[in-house]
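Dear colleague,

Please find below the structure that I am handing over to you.

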Amino acid sequence: MECGTRAAVKVFEEQWQELPSKPHVKFLLALHSHFDHICGVPLLKEMFPDAQLVASHAASKLMEKEKLVRENFRNDVIVTENYLEKGLLTISPPIDLDSRIVIDLPVGEGDTLLIEPGLELKIIDAPGHSNCSIAAYLEKDQVMFVSDAVGGISSQGVITPMFFQGYEIYMQTIDKLKSYPTKIVATAHGVLASGSSSEELYGPFSAAARKVSHFILEELAAGADEGALAGLLFDRYISDGFKNYPVEMMQGIMQILIRRSKERTT
Ligand SMILES: [Fe+2]
(Lines give C-alpha, C1' and ligand atoms only; values in the text may rest on other atoms or scores of the structure.)
Protein backbone atom coordinates (compact mmCIF):
# COMPACT_ATOMS: atom_id res chain seq x y z
CA MET A 1 0.00 0.00 0.00
CA GLU A 2 1.45 3.37 -1.14
CA CYS A 3 4.46 3.40 -3.46
CA GLY A 4 6.31 6.36 -1.93
CA THR A 5 9.53 7.87 -3.19
CA ARG A 6 12.63 6.01 -4.40
CA ALA A 7 14.41 7.04 -1.20
CA ALA A 8 11.59 5.66 0.96
CA VAL A 9 11.56 2.39 -1.00
CA LYS A 10 15.31 1.97 -0.39
CA VAL A 11 14.69 2.34 3.35
CA PHE A 12 11.74 -0.07 3.10
CA GLU A 13 13.90 -2.58 1.19
CA GLU A 14 16.31 -2.81 4.13
CA GLN A 15 13.39 -3.38 6.51
CA TRP A 16 11.89 -5.97 4.15
CA GLN A 17 15.16 -7.94 4.04
CA GLU A 18 15.13 -8.16 7.82
CA LEU A 19 11.65 -9.73 7.92
CA PRO A 20 11.89 -13.36 9.06
CA SER A 21 8.96 -14.36 6.88
CA LYS A 22 7.89 -12.40 3.87
CA PRO A 23 4.32 -12.28 2.61
CA HIS A 24 3.65 -12.75 -1.08
CA VAL A 25 3.09 -9.33 -2.63
CA LYS A 26 0.38 -9.59 -5.22
CA PHE A 27 -0.55 -5.93 -5.67
CA LEU A 28 1.15 -2.57 -5.35
CA LEU A 29 -1.42 0.14 -4.65
CA ALA A 30 -0.74 3.73 -5.61
CA LEU A 31 -3.73 5.50 -4.09
CA HIS A 32 -2.98 8.64 -6.09
CA SER A 33 -0.32 9.75 -8.54
CA HIS A 34 1.49 12.61 -6.79
CA PHE A 35 5.24 12.17 -7.04
CA ASP A 36 5.71 11.08 -3.42
CA HIS A 37 3.18 8.28 -3.83
CA ILE A 38 4.29 6.83 -7.13
CA CYS A 39 7.99 7.43 -7.85
CA GLY A 40 8.92 4.39 -5.79
CA VAL A 41 7.17 2.16 -8.34
CA PRO A 42 10.20 1.27 -10.53
CA LEU A 43 12.16 0.09 -7.46
CA LEU A 44 9.14 -1.75 -6.03
CA LYS A 45 8.67 -3.49 -9.38
CA GLU A 46 12.28 -4.71 -9.15
CA MET A 47 11.57 -6.06 -5.67
CA PHE A 48 8.21 -7.60 -6.61
CA PRO A 49 8.29 -8.32 -10.35
CA ASP A 50 5.03 -10.33 -10.27
CA ALA A 51 3.01 -7.70 -8.43
CA GLN A 52 0.39 -5.75 -10.35
CA LEU A 53 0.39 -1.98 -10.00
CA VAL A 54 -3.09 -0.79 -9.07
CA ALA A 55 -4.26 2.85 -9.29
CA SER A 56 -7.27 4.85 -10.38
CA HIS A 57 -8.32 5.27 -14.00
CA ALA A 58 -7.41 8.97 -13.71
CA ALA A 59 -3.93 8.11 -12.38
CA SER A 60 -3.46 5.69 -15.24
CA LYS A 61 -4.22 8.48 -17.74
CA LEU A 62 -1.94 10.95 -15.94
CA MET A 63 0.95 8.51 -15.97
CA GLU A 64 0.76 8.47 -19.77
CA LYS A 65 1.91 12.11 -19.75
CA GLU A 66 5.69 11.94 -20.21
CA LYS A 67 6.30 15.51 -19.09
CA LEU A 68 4.39 15.01 -15.85
CA VAL A 69 6.18 11.74 -15.06
CA ARG A 70 9.57 13.37 -15.68
CA GLU A 71 8.61 16.28 -13.42
CA ASN A 72 7.61 13.75 -10.75
CA PHE A 73 11.02 12.07 -10.98
CA ARG A 74 12.80 15.44 -10.80
CA ASN A 75 11.05 16.17 -7.51
CA ASP A 76 11.90 12.66 -6.37
CA VAL A 77 15.60 13.28 -7.07
CA ILE A 78 15.51 16.24 -4.65
CA VAL A 79 14.02 14.01 -1.95
CA THR A 80 16.79 11.45 -2.50
CA GLU A 81 19.43 14.20 -2.23
CA ASN A 82 17.90 15.37 1.06
CA TYR A 83 17.85 11.80 2.43
CA LEU A 84 21.53 11.43 1.50
CA GLU A 85 22.43 14.78 3.06
CA LYS A 86 20.69 13.85 6.31
CA GLY A 87 22.27 10.39 6.40
CA LEU A 88 18.92 8.62 5.99
CA LEU A 89 20.39 6.89 2.93
CA THR A 90 24.01 6.06 2.18
CA ILE A 91 23.80 5.18 -1.51
CA SER A 92 21.80 6.98 -4.15
CA PRO A 93 19.51 4.57 -6.02
CA PRO A 94 19.99 4.81 -9.79
CA ILE A 95 17.45 6.94 -11.60
CA ASP A 96 16.23 7.03 -15.15
CA LEU A 97 14.21 10.21 -15.63
CA ASP A 98 12.62 8.60 -18.67
CA SER A 99 11.24 5.64 -16.67
CA ARG A 100 7.60 5.01 -17.44
CA ILE A 101 4.99 4.11 -14.85
CA VAL A 102 2.36 1.82 -16.29
CA ILE A 103 -0.73 1.07 -14.24
CA ASP A 104 -1.39 -2.67 -14.70
CA LEU A 105 -4.83 -2.60 -13.15
CA PRO A 106 -6.84 0.65 -13.27
CA VAL A 107 -9.67 0.61 -10.70
CA GLY A 108 -12.51 2.78 -9.46
CA GLU A 109 -15.55 3.03 -7.20
CA GLY A 110 -17.14 -0.36 -6.58
CA ASP A 111 -14.16 -2.48 -7.58
CA THR A 112 -12.83 -5.08 -5.16
CA LEU A 113 -9.31 -6.45 -4.93
CA LEU A 114 -9.17 -10.00 -3.69
CA ILE A 115 -5.91 -10.36 -1.77
CA GLU A 116 -6.63 -13.94 -0.67
CA PRO A 117 -9.83 -15.80 0.21
CA GLY A 118 -11.57 -13.84 2.99
CA LEU A 119 -9.35 -10.81 2.57
CA GLU A 120 -10.41 -8.12 0.18
CA LEU A 121 -10.08 -4.39 -0.34
CA LYS A 122 -12.98 -2.26 -1.52
CA ILE A 123 -11.98 0.60 -3.77
CA ILE A 124 -13.68 3.95 -3.19
CA ASP A 125 -13.23 7.07 -5.33
CA ALA A 126 -11.87 9.80 -3.06
CA PRO A 127 -11.43 13.05 -5.03
CA GLY A 128 -10.71 16.46 -3.55
CA HIS A 129 -7.04 16.03 -2.75
CA SER A 130 -6.50 15.17 -6.41
CA ASN A 131 -8.80 13.92 -9.14
CA CYS A 132 -6.87 10.63 -9.19
CA SER A 133 -7.32 9.79 -5.48
CA ILE A 134 -8.89 6.54 -4.33
CA ALA A 135 -9.27 4.99 -0.89
CA ALA A 136 -9.08 1.27 -0.09
CA TYR A 137 -11.31 -0.20 2.63
CA LEU A 138 -10.34 -3.34 4.52
CA GLU A 139 -13.75 -4.22 5.89
CA LYS A 140 -12.47 -7.22 7.84
CA ASP A 141 -10.44 -5.00 10.19
CA GLN A 142 -12.36 -1.75 9.61
CA VAL A 143 -9.30 0.02 8.24
CA MET A 144 -9.59 2.76 5.64
CA PHE A 145 -6.44 3.48 3.64
CA VAL A 146 -6.94 7.08 2.54
CA SER A 147 -3.52 8.22 1.31
CA ASP A 148 -3.82 12.05 1.26
CA ALA A 149 -7.58 12.16 0.65
CA VAL A 150 -8.43 13.55 4.11
CA GLY A 151 -5.07 15.16 5.05
CA GLY A 152 -1.98 14.08 6.93
CA ILE A 153 -1.09 14.03 10.64
CA SER A 154 2.30 15.20 11.86
CA SER A 155 4.21 13.50 14.66
CA GLN A 156 3.08 16.46 16.79
CA GLY A 157 -0.55 15.67 16.01
CA VAL A 158 -1.07 18.62 13.63
CA ILE A 159 -3.43 17.78 10.76
CA THR A 160 -2.35 19.17 7.40
CA PRO A 161 -5.42 19.84 5.25
CA MET A 162 -4.81 18.95 1.60
CA PHE A 163 -7.79 20.12 -0.51
CA PHE A 164 -5.67 20.67 -3.59
CA GLN A 165 -8.34 19.77 -6.14
CA GLY A 166 -11.18 21.61 -4.45
CA TYR A 167 -12.53 22.37 -0.98
CA GLU A 168 -16.12 21.21 -1.41
CA ILE A 169 -15.26 17.95 -3.16
CA TYR A 170 -12.64 17.20 -0.47
CA MET A 171 -15.22 17.72 2.29
CA GLN A 172 -17.71 15.52 0.40
CA THR A 173 -15.09 12.76 0.26
CA ILE A 174 -14.53 12.99 4.01
CA ASP A 175 -18.30 12.67 4.52
CA LYS A 176 -18.46 9.72 2.16
CA LEU A 177 -15.58 7.85 3.83
CA LYS A 178 -17.15 8.56 7.21
CA SER A 179 -20.11 6.33 6.27
CA TYR A 180 -17.89 3.21 6.45
CA PRO A 181 -17.48 1.71 9.95
CA THR A 182 -13.83 2.45 10.68
CA LYS A 183 -11.39 1.94 13.54
CA ILE A 184 -8.22 3.07 11.76
CA VAL A 185 -7.74 5.80 9.17
CA ALA A 186 -4.41 5.10 7.50
CA THR A 187 -3.08 8.38 6.13
CA ALA A 188 0.07 8.45 4.03
CA HIS A 189 1.94 11.15 5.94
CA GLY A 190 2.71 10.95 9.63
CA VAL A 191 0.80 8.88 12.11
CA LEU A 192 -2.31 6.72 11.69
CA ALA A 193 -5.56 7.79 13.32
CA SER A 194 -7.29 5.20 15.45
CA GLY A 195 -10.54 5.46 17.36
CA SER A 196 -13.80 3.75 18.17
CA SER A 197 -16.05 5.37 15.56
CA SER A 198 -15.90 6.94 12.11
CA GLU A 199 -17.43 10.14 13.50
CA GLU A 200 -14.64 10.44 16.07
CA LEU A 201 -11.96 9.62 13.48
CA TYR A 202 -12.97 11.89 10.62
CA GLY A 203 -14.22 14.86 12.68
CA PRO A 204 -10.72 16.32 13.24
CA PHE A 205 -9.88 16.07 9.50
CA SER A 206 -12.93 18.05 8.38
CA ALA A 207 -12.46 20.49 11.27
CA ALA A 208 -8.83 21.11 10.24
CA ALA A 209 -9.84 21.83 6.63
CA ARG A 210 -12.68 24.15 7.71
CA LYS A 211 -10.40 25.93 10.14
CA VAL A 212 -7.54 26.64 7.74
CA SER A 213 -9.88 27.71 4.96
CA HIS A 214 -11.71 30.05 7.34
CA PHE A 215 -8.39 31.41 8.57
CA ILE A 216 -7.18 32.03 5.00
CA LEU A 217 -10.37 33.87 4.03
CA GLU A 218 -10.28 35.98 7.19
CA GLU A 219 -6.65 36.91 6.65
CA LEU A 220 -7.29 37.85 3.02
CA ALA A 221 -10.32 39.92 4.01
CA ALA A 222 -8.08 41.75 6.48
CA GLY A 223 -5.71 42.59 3.60
CA ALA A 224 -3.02 39.93 4.13
CA ASP A 225 -0.43 39.49 1.39
CA GLU A 226 -0.88 36.08 -0.27
CA GLY A 227 2.85 35.35 -0.40
CA ALA A 228 3.25 36.10 3.30
CA LEU A 229 0.17 34.02 4.08
CA ALA A 230 1.58 31.09 2.09
CA GLY A 231 4.80 31.45 4.10
CA LEU A 232 2.85 31.32 7.34
CA LEU A 233 1.00 28.17 6.23
CA PHE A 234 4.32 26.63 5.16
CA ASP A 235 5.77 27.19 8.64
CA ARG A 236 2.64 25.72 10.22
CA TYR A 237 2.29 22.60 8.11
CA ILE A 238 5.65 21.64 6.65
CA SER A 239 7.23 19.37 9.22
CA ASP A 240 8.50 15.81 9.54
CA GLY A 241 9.05 14.08 6.18
CA PHE A 242 7.72 17.09 4.24
CA LYS A 243 10.98 18.83 5.14
CA ASN A 244 12.73 16.52 2.67
CA TYR A 245 10.51 17.73 -0.17
CA PRO A 246 11.37 20.44 -2.72
CA VAL A 247 10.81 23.74 -0.89
CA GLU A 248 9.47 25.57 -3.95
CA MET A 249 6.94 22.86 -4.60
CA MET A 250 5.70 22.92 -1.01
CA GLN A 251 5.40 26.72 -1.11
CA GLY A 252 3.36 26.29 -4.29
CA ILE A 253 1.11 23.84 -2.48
CA MET A 254 0.37 26.41 0.21
CA GLN A 255 -0.62 28.83 -2.57
CA ILE A 256 -3.03 26.17 -3.81
CA LEU A 257 -4.69 26.00 -0.36
CA ILE A 258 -5.21 29.77 -0.61
CA ARG A 259 -6.58 29.55 -4.16
CA ARG A 260 -8.98 26.73 -3.31
CA SER A 261 -10.22 28.62 -0.24
CA LYS A 262 -10.94 31.67 -2.40
CA GLU A 263 -12.93 29.43 -4.77
CA ARG A 264 -15.16 28.15 -1.98
CA THR A 265 -18.85 28.36 -2.64
CA THR A 266 -20.09 27.00 0.68
FE1 LIG B 1 -0.74 13.95 -2.55
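Two strands are said to pair if DSSP finds at least two bridges between them. Helices (H or I, at least four residues) and strands (E, at least two) are DSSP runs, numbered from the N terminus.

The model is predicted: local features need pLDDT of at least 70, side-chain atom pairs count only at pLDDT 80 or more, and totals for chains, interfaces and linings use all residues. Residues are numbered from 1 along each chain as its sequence is written.

On these terms, E1, E2 and E3 form an open sheet of three strands in the order E1-E2-E3, with parallel pairing. Its edge strands, each pairing on one side only, are E1 and strand E3 (105–107). Direction ignored, neighbouring strands of this sheet are turned by 30° against each other on average; axes here are lines fitted to C-alpha atoms, for helices over the stretch in contact, and angles run from 0 to 180 degrees between N-to-C directions. E2 and E3 are joined by three bridges, and Ser-56 has Val-107 as its bridge partner in E3.

A further open sheet has six strands in the order E4-E5-E6-E7-E10-E11, and its pairing is mixed. Strand E4 (112–116) and strand E11 (193–194) are the edge strands. Within this sheet, strand E7 (residues 143–147) pairs with strand E10 (residues 184–187) in the parallel sense over four bridges. The bridge partner of Phe-145 in E10 is Ala-186.

As to helix packing, helix H7 (residues 198–221) and helix H9 (residues 247–262) meet at an angle of about 80°, their axes 9 Å apart. H7 is therefore roughly perpendicular to H9 (65 to 115 degrees; under 35 counts as roughly parallel, over 145 as roughly antiparallel and the rest as oblique). Val-212, Ser-213, Ile-216 and Leu-217 of H7 make the contact with Leu-257, Ile-258 and Ser-261 of H9, where contact requires C-beta atoms, placed from the backbone, to lie within 7 Å. By class, five of these residues are nonpolar, two are polar and none is charged (Ala, Val, Leu, Ile, Met, Phe, Trp, Tyr, Cys and Pro count as nonpolar, Asp, Glu, Lys and Arg as charged, the others, Gly among them, as polar).

Finally, the domain assignment, which is automatic or from a database, gives domain 1 (1–107) and domain 2 (111–266). Their centres, taken over C-alpha atoms, are separated by 21 Å. In all, 22 residues of domain 1 are in contact with 20 residues of domain 2. On the side of domain 1 that touches domain 2, H5 gives the most, with five residues.

Yours sincerely

How values were computed
Contact = placed C-beta atoms within 7 Å.
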